[in-house]
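This report describes selected features of one protein chain. The sequence and structure are shown first.

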Amino acid sequence: MTYRELGKTRLKVSRLCFGALTMGPLQANLLPERGGELIEHAFARGINFVDTAQFYQSYRHIGHGLKKAGGDMIVCSKTYAYTREQALEAVDEARRLLDRDVIEIFLLHEQESEFTFKGHMQALEALYGLKSRGVIRAVGASTHHIAAVKAATALGLDVIHPLINIKGLGIVDGTREEMEAALYSAHNAGIGIYTMKALGGGNLFSSADECFKYVLSLPFADSIAVGMQSVEEIDANVNYFENLRFDEADIARLNNKKRRILVEDWCTGCGNCRAACGQNAMRLDGGRAVCDPAACILCGYCSGHCPMWAIKII
Ligand code: SF4
Ligand code: SF4
């Protein structure tokens, strides 16, 4: 495993970051103990960086793993907080459930532009206040939007967690090339960058080799978060990051792997999922939610907004 400085944060992170969305209740719904075993295995394989969020509900999984992996794991979490109080509570919750005093990185979740940053400014200032007290070590934002990368650069945040992949799948407001240009500027300004959705949320499994090659070639990508749900996935991805190739068995497994959204019969047609989807992939038809697989990046955000727990990624 290779490691890079994450911008100017002084945090040295593995190039492969463990994406913890996929193990939690929004996706695989693993038992916390099982999730902890995966974190422990990832750490043993050289991964020292975990990406999570308040919304993912995977703190308990990570907490189990950290107990065994020890204090050298770098954790990044995110919050949708608008107010100071919400931001402080979000960081407190993470510290409590992860059973650690310091959360290395905290991000504003899913920013879209300078305007959403304005709406979250109280929360952002609260995060910077915690940074000055040493409770967190870096502050940033996650985004699927080029406009938010530009706004985060103008604000001089420490870290950006942007969506980018070889097809530009999921970038809401422009092309892959435009996102690359914005990220080059952010990187040149000293901002740490770790990317998401290298495999398009699972849509690009069959071209994983090409996808990883692309994202690993981006000079601004200090680390790459990849969602993992099993020891086999961790081993395959670590091997790829170390040797730049998959073995035959991994290629066969990836080719057979296809994930999709399932909307259960008990959907009430409330429309919350449609409103939550930044990709316009959900519509209502005949009083039920229907997902457009061509637009869906399998981020799982809709499922967290469903009051009926009617959305699953299978
Ligand atoms: S439908 Fe759900 S999983 Fe698909 S892109 Fe929209 S929010 Fe994400
Ligand atoms: S949020 Fe859940 S219940 Fe509401 S429309 Fe979507 S799937 Fe159906």
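## Model and domains

The structure is a predicted model. Its chain is divided into domain 1, residues 3–256, and domain 2, residues 261–313. Between the C-alpha centres of the two domains the distance is 24 Å. Domain 1 gives 13 residues to the contact, and domain 2 gives nine residues. On the domain 1 side, the residues that touch domain 2 comprise seven polar, five nonpolar and one charged.

## Helix 3 against helix 5

Two packed helices are described by the angle between their axes and the distance between the axes. For helix 3 (residues 84–98) and helix 5 (residues 121–132), the angle is about 45° and the axes are 7 Å apart. Helix 3 is therefore oblique to helix 5. The crossing of the two helices is right-handed.

Helix 3 brings Arg-84, Gln-86, Ala-87, Leu-88 and Val-91 to this contact, where they meet Gln-122, Ala-123, Ala-126, Leu-127 and Leu-130 of helix 5. Sorted by class, the residues of the contact are seven nonpolar, two polar and one charged.

## Helix 2

Helix 2 (59–69) is largely enclosed by the rest of the structure, because eight of its eleven residues are buried. The buried residues are Tyr-59, His-61, Ile-62, Gly-63, His-64, Gly-65, Leu-66 and Ala-69. What do these buried residues of helix 2 pack against? Their partners are helix 1 (32–44), strand 4, strand 5 (74–79) and helix 3.

## Two residues with positive phi

Most residues other than glycine have a negative phi, and most peptide bonds are trans. Arg-10 is not a glycine, yet its phi is positive, at about 65°. Arg-10 sits in the loop that runs between strand 1 (3–5) and strand 2 (12–14). Is Arg-10 buried or exposed? Arg-10 has 10 other C-beta atoms within 10 Å, and the limit for an exposed residue is 12 or fewer, so Arg-10 is exposed.

Gln-57 is another residue other than glycine with a positive phi, in this case near 60°. Its place is in the loop between strand 4 (49–51) and helix 2. Gln-57 has 18 C-beta neighbours inside 10 Å and therefore counts as partly exposed.

## Two glycines in loops

Gly-278 is found in the loop between helix 11 (272–276) and strand 12 (282–285). It counts as partly exposed because it has 17 C-beta neighbours inside 10 Å. Which residues does Gly-278 contact, leaving aside its neighbours within four places in sequence? They are His-144 and Val-172. His-145 is 133 residues away from Gly-278 along the chain, and the C-alpha atoms of the two are separated by 9.8 Å.

Gly-286 lies in the loop between strand 12 and strand 13 (288–291). With 6 C-beta neighbours inside 10 Å, Gly-286 counts as exposed. Gly-286 and Gly-269 are 17 residues apart in sequence, and their C-alpha atoms are 8.3 Å apart in space.

Note on methods. Residues are numbered from 1 along each chain as its sequence is written. Chains are lettered from A and ligands numbered from 1 in the order in which they are written. This is a predicted model: local features need pLDDT of at least 70, side-chain atom pairs count only at pLDDT 80 or more; totals for chains, interfaces and linings use all residues. Axes are lines fitted to C-alpha atoms, for helices over the stretch in contact, and angles run from 0 to 180 degrees between N-to-C directions. Helices (H or I, at least four residues) and strands (E, at least two) are DSSP runs, numbered from the N terminus. Angles under 35 degrees count as roughly parallel, over 145 as roughly antiparallel, 65 to 115 as roughly perpendicular and the rest as oblique. A crossing is left-handed if the near helix is turned anticlockwise from the far one by less than a right angle, and right-handed if clockwise. Two residues are in contact if their C-beta atoms, placed from the backbone, lie within 7 Å. Ala, Val, Leu, Ile, Met, Phe, Trp, Tyr, Cys and Pro count as nonpolar, Asp, Glu, Lys and Arg as charged, and the others, Gly among them, as polar. Domain bounds come from an automatic or database domain assignment. A residue is buried if 20 or more other C-beta atoms lie within 10 Å of its own, exposed if 12 or fewer, and partly exposed in between; C-beta atoms are placed from the backbone.
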